[in-house]
Structures are given as structure tokens and as C-alpha cells.
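Colleague: Could you walk me through the aromatic rings and the pockets of this protein?

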Amino acid sequence: MSELKIIIGNKRYSSWSLRGWLAAEHTGLPYKEILLQLDTPRFYEEIVKYSPAKRVPTLLDGEIAVWDSAAIIDYCAKLAPEKFWWPEDKAAYAHARSIFNEMHSGFTEIRSHMPMNLQGQWQDLALSDALQKDISRVEALWTECRRNYGAGGDYLFGEFSAADMMFAPVTTRLATYGIKVNETAAQYIESVRNQPSVKAWFTDAQKETEIVDVDQLDINITRLG
């Protein structure tokens, strides 16, 4: 098998990169990480070599290119089918697939107004009604999954899975912006933060010094949304 390559953006900011990178890590297969600094001339010069969509993340398996985080997760699941990606139970599988896709296509308020920033920390921000609605929906999803399907471990469906990869950046956002959630959701955020691969990503993110202005929250802003 050819060596995998995962093309990502800054670990401090790039939420979609985190999802694809977690999938590559989860395979247990050797891979090469290529990090391109976001929003720079070099990024736009280099990304065309790897991604037809000109975006990160992109996974390369020899001559095969896989772009979009969800596609990368699915592809990696085929590369390492012995790993836990989806629950076997039919009802749990249906639920996992549904919330995975809901995250992939929705929650635009969280994405727009709560950029991932693993070196930032804010508290007491006033939230718009639309943003609070997204946050409440996430909290409800996590609570339901932990209650109904999570008995086998600390994650949404017990073991760390594709669903957790998709929601991992959201856990960081809620922590970064000091969002208050119920005990079940708070414990889940802590479990994801301490998952070994996520922890390794955080460690690397803390070493980055580059600033991506479009992903910075103005510290003078007291309202999100």
C-alpha cells in the first residue's frame, strides 16, 4: 500500500482539517502530514497540487485524491475496516449516520460566529437566538447519544467513532467561547479533549504562531451572531 498523505491547514484554526486528520490517525496506517498555512499566497500556490477543490483537508492515497472531510472519513473506514467507525446495531447506526450528516451540512450559526481557535478563550459572550438554537441542538444530540448509545465508553456511541470525528471541532468551540452546557455534554467535551489523537492535535496547535485574521474573534465583540 502506498503511503497516505493528509493535506491540512493550521491546527489552531482548521476545523475541517481536524476531522480528516483524525480519520487518517484512526486508521493506524502510516501517513505523511502536509500542513499549508491558511490564507497565504503559498497556500493557494500549493493546494492546487493536491486538491481538485483547492481546499483542505485532502487525503492522497497514491494517485487517488479524496477531498471533503466526510469523504475522507468514509475512505479511511474502508482502508481500516477493523477499526471502530460506526456502531453495528441498526438503530444506532442510523442515528450515527444521521447526526454525522446533520453536522456536515448544518449548524451554520456555529460555523459562522464561533470560529475554531485552539489558543483563544472567551467568557460571558451574549449569543443571538439563532446561535443559541444551534448550540441547544448540539447539546441535545450529545445528551441523547450518550444516554441511548454510549454505554460502551466515553463517546457518543461508546468507542471513539466517525461521529466523534465530525463533532470534535464543535467541542473545542464550546470550550473556547465558554458556552455553558449540561453535565452530560460537559463530560463529553472533556472526553474528546483527552482523546489521544485530539490531545496530540491540541499540543501541536499550541505551538503555532501564525495568525489567520478571518478566523480571529475580535476581543472587543461582546455578542456572537
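Modeller: We will take the rings and then the pockets. This is a predicted model, in which local features need pLDDT of at least 70 and side-chain atom pairs count only at pLDDT 80 or more, while totals for chains, interfaces and linings use all residues. Residues are numbered from 1 along each chain as its sequence is written, and side-chain values use heavy atoms, with hydrogens and water left out.

Colleague: OK, how many aromatic pairs are there by the rule?

Modeller: The count is nine aromatic pairs, where rings of Phe, Tyr and Trp (its six-membered ring) pair if their centres lie within 6.5 Å, and planes under 30 degrees apart are stacked, over 60 edge-to-face and the rest tilted. One of them is the stacked pair of W122 and Y177, at 5.3 Å centre to centre and with 15° between the planes.

Colleague: Where in the chain do W122 and Y177 sit?

Modeller: W122 is in the loop between α5 (108-113) and β5 (126-127), and Y177 is in the loop between α7 (162-176) and α8 (183-193), 55 residues apart. Helices (H or I, at least four residues) and strands (E, at least two) are DSSP runs, numbered from the N terminus.

Colleague: Are those two buried or exposed?

Modeller: Both W122 and Y177 are buried, and buried means under 20% relative accessible area, exposed over 50% and partly exposed in between, with a 1.4 Å probe and protein chains only.

Colleague: And why is the pair of W142 and F167 called edge-to-face?

Modeller: Their ring centres are 6.2 Å apart and their planes are at 80°, so the pair is edge-to-face. W142 lies in helix α6 (residues 129-149) and F167 in helix α7, so the pair ties together parts 25 residues apart in sequence. W142 is buried, with a relative accessible area of 1%, and F167 is buried too, at 0%.

Colleague: Switching topic, which residues lie nearest the centre of the largest pocket?

Modeller: They are S14, S15, W16, L38 and V56, among the 29 residues that line the largest pocket. On a 1 Å grid over the protein atoms alone, a pocket is an open set of points where a 1.4 Å probe fits, with protein on both sides within 12 Å along at least five of seven lines, and lining residues have an atom within 4 Å of a point.

Colleague: Which element gives the most to that lining?

Modeller: That is α1, with three residues.
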